[in-house]
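Hi,

Here is the structure I promised to pass on.

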Amino acid sequence: MKSIKKIGVITGGGDCSGLNAVINGITKTAITKYGLEVIGYKRGYSGLYTNDYQVLDLNAVSGIMHEGGTILKSSNKDNLFNYPKRQEDGSFVHEDVSDVAVENMRALGVDALIVIGGDGTLTSARDFHRKGIPVVGVPKTIDNDLPATDLTFGYNTSLENIVDALDKIHTTAYSHDRIIVVEVMGRHTGWLALEGGLAGSADVILIPEIPYDLTKVVDKIRERDAQGKNFAIVVVSEGAKPKDGAVHVREIIQDSADAVRLGGVGDVVRQQLQAMIDNHEVRYTNLSYLQRGGIASQLDRALGLRYGVEAVELLLAGGSGQMVRCQGRDITSVNLEEVVGAGETGETSKGGAKYVDPQGQMVAAAKAVGISFGD
Ligand code: F6P
C-alpha cells in the first residue's frame, strides 16, 4: 500500500457533542507524532464531492475539545454512491458520483480518509474502502444504536442533557400535580429513553423494544395517586409504538439517504392519556435538538479524543475497512462489514442495530424500582 502522508477527515450524519474532540485527537496525533498533513472536508461527503475543505493544523484544532457540533459542519444527505440530483420538476434522480470524490482526493494528494459518523456515513466509508481508498471509521451517534461497539461518543452528553431536562421538568410536574410526557430521540432504539429515564427518575419509560399499552400507564399513574405522589414523568422514545401499532413518522426527507424522520409520538401519548385521566392535566415536551447539542461531557471528550488517536494509529498500521470501537474501557477495532447496514428498520446482513434487551439487566433494574414500561 502507498504510504500515507495526507489524511482527509469527514464528519457525517447528525451532529453531536464530542465530534470536535475526535478531530482534535486525529489532527494532533497525525501532525505531532507522525508529521502528516490533515485536511477536513466540509459538510460531510458533500465536501468530498465539491472539493470544499479546510486545512487542519494545530491552530485549527486549538480550544475545540469541549465545543458541541463539528467545526467541519455535517450533512446527512450526501451518499455519493447514490447521490440525489434534483430535477426541474422537483423530483430526484440518484447517481453514483463516487469517482468524482476519488479524483478530488487524488488531485489534492489525500491518501486516506478517517470518516466519523453513524450507520449511513459508515456504510459509505465501507464502500470507499471497497473502491480501494484506505478508510478508517469512528462510531458517532447520540442514539447508541451502532452494533459492535459498547459506546458511541455523543450518547453520554445527550443523556446528561436529558437528565438535566427531567430534573427541571420534575419541579413543574410536582408543583402542578401534572403528568408530563417527555419525548426523546433514539430512532428505533430506546437507549436514550431508558438510561436517561433511569437517571432522571422517570415513572414510565416507553421504548421501541417494548410496545406499550396505555391502560398500563394509567395503572401506574393511579398507583402513584394512591401513594399520594400526584404527579408523574413519562419518558417516550421517538420510536416507541403501541401494541399492534406503528411508529409515528414526523417527516420523509426525499433527498436524504435515511429518509424517515421519527417524532411526535409524545403528543399522541399526551392526548390519549388526557382522554383517560380527568384528575390531572397531561402536558408534553419534546426535547428534540436540545438533547443533541451543547458542551461535551467529560466522557465524550475523552472517548472522542481516544477514538481520534486510535483511528490514526489503525490507518497507519494498514487497518483500512476497519472501525475503532470501545470494548469495556479499551479502544479496539472491528471490520466495518460487521457494523454497517442497520438502516431504518434495523435490517441488515450482519444482525442489525444494537437494541435494548427487554429481558436484560437494565430493564430489569428499572422494573425492580417500580418504573413502568407500559407492558
Ligand atoms: O441519529 C441522530 C438523530 O438525532 C436521531 O435521534 C433522530 O431521529 C435524527 O437524528 C434526527 O435527524 P434530523 O437532524 O435530520 O432531524
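**Two domains**

The protein splits into domain 1 (6–153 + 296–340) and domain 2 (157–292 + 357–368), with bounds that come from an automatic or database domain assignment. Before you dig in: this is a predicted model, where local features need pLDDT of at least 70 and side-chain atom pairs count only at pLDDT 80 or more, while totals for chains, interfaces and linings use all residues. Residues are numbered from 1 along each chain as its sequence is written, and side-chain values use heavy atoms, with hydrogens and water left out.

Taken over C-alpha atoms, the centres of domain 1 and domain 2 are 32 Å apart. Where they meet, 17 residues of domain 1 are in contact with 16 residues of domain 2 (contact means heavy atoms within 4.5 Å).

**The 7-stranded sheet**

There is an open sheet of 7 strands, in the order E3-E2-E1-E6-E7-E14-E15, and its pairing is mixed. On the naming: helices (H or I, at least four residues) and strands (E, at least two) are DSSP runs, numbered from the N terminus, and two strands pair if DSSP finds at least two bridges between them. Strand E3 (53–55) and strand E15 (330–335) are the edges, each pairing on one side only. From one strand to the next, the twist averages 25°. For angles like this, axes are lines fitted to C-alpha atoms (for helices, over the stretch in contact), and the values run from 0 to 180 degrees between N-to-C directions.

Helix H1 (residues 19–33) packs on this sheet and touches strand E1 (6–11), strand E2 (37–41), strand E6 (112–117) and E7. The direction of H1 makes about 160° with that of E6. Helix H3 (residues 98–108) lies across E1, E2, E3 and E6, at about 145° to E2.

If you want a pairing to check by eye, strand E7 (residues 135–139) and strand E14 (residues 322–327) run parallel and are joined by 2 bridges. Gly137 has Met323 in E14 as its bridge partner.

**The 4-stranded sheet**

Another open sheet has 4 strands in the order E9-E10-E8-E13, with parallel pairing. Its edge strands are E9 (204–206) and E13 (282–286), each of which pairs on one side only. Here the twist averages 20° from one strand to the next.

Strand E8 (residues 179–184) is joined to strand E10 (residues 232–237) by 6 bridges, and the two run parallel. Glu183 is partnered by Val236 in E10. Helix H8 (residues 265–276) packs on the sheet, touching E8, E9, E10 and E13, with its direction at about 160° to that of E8. Helix H6 (residues 191–199) lies across E8, E9 and E10, running at about 170° to E9.

**Pockets**

The largest pocket holds about 1,000 Å³ of space. A pocket here is an open set of points, on a 1 Å grid over the protein atoms alone, where a 1.4 Å probe fits, with protein on both sides within 12 Å along at least five of seven lines; lining residues have an atom within 4 Å of a point. Grid points are joined across faces, edges and corners, and the volume is the space filled by probe spheres set on the points.

Cheers
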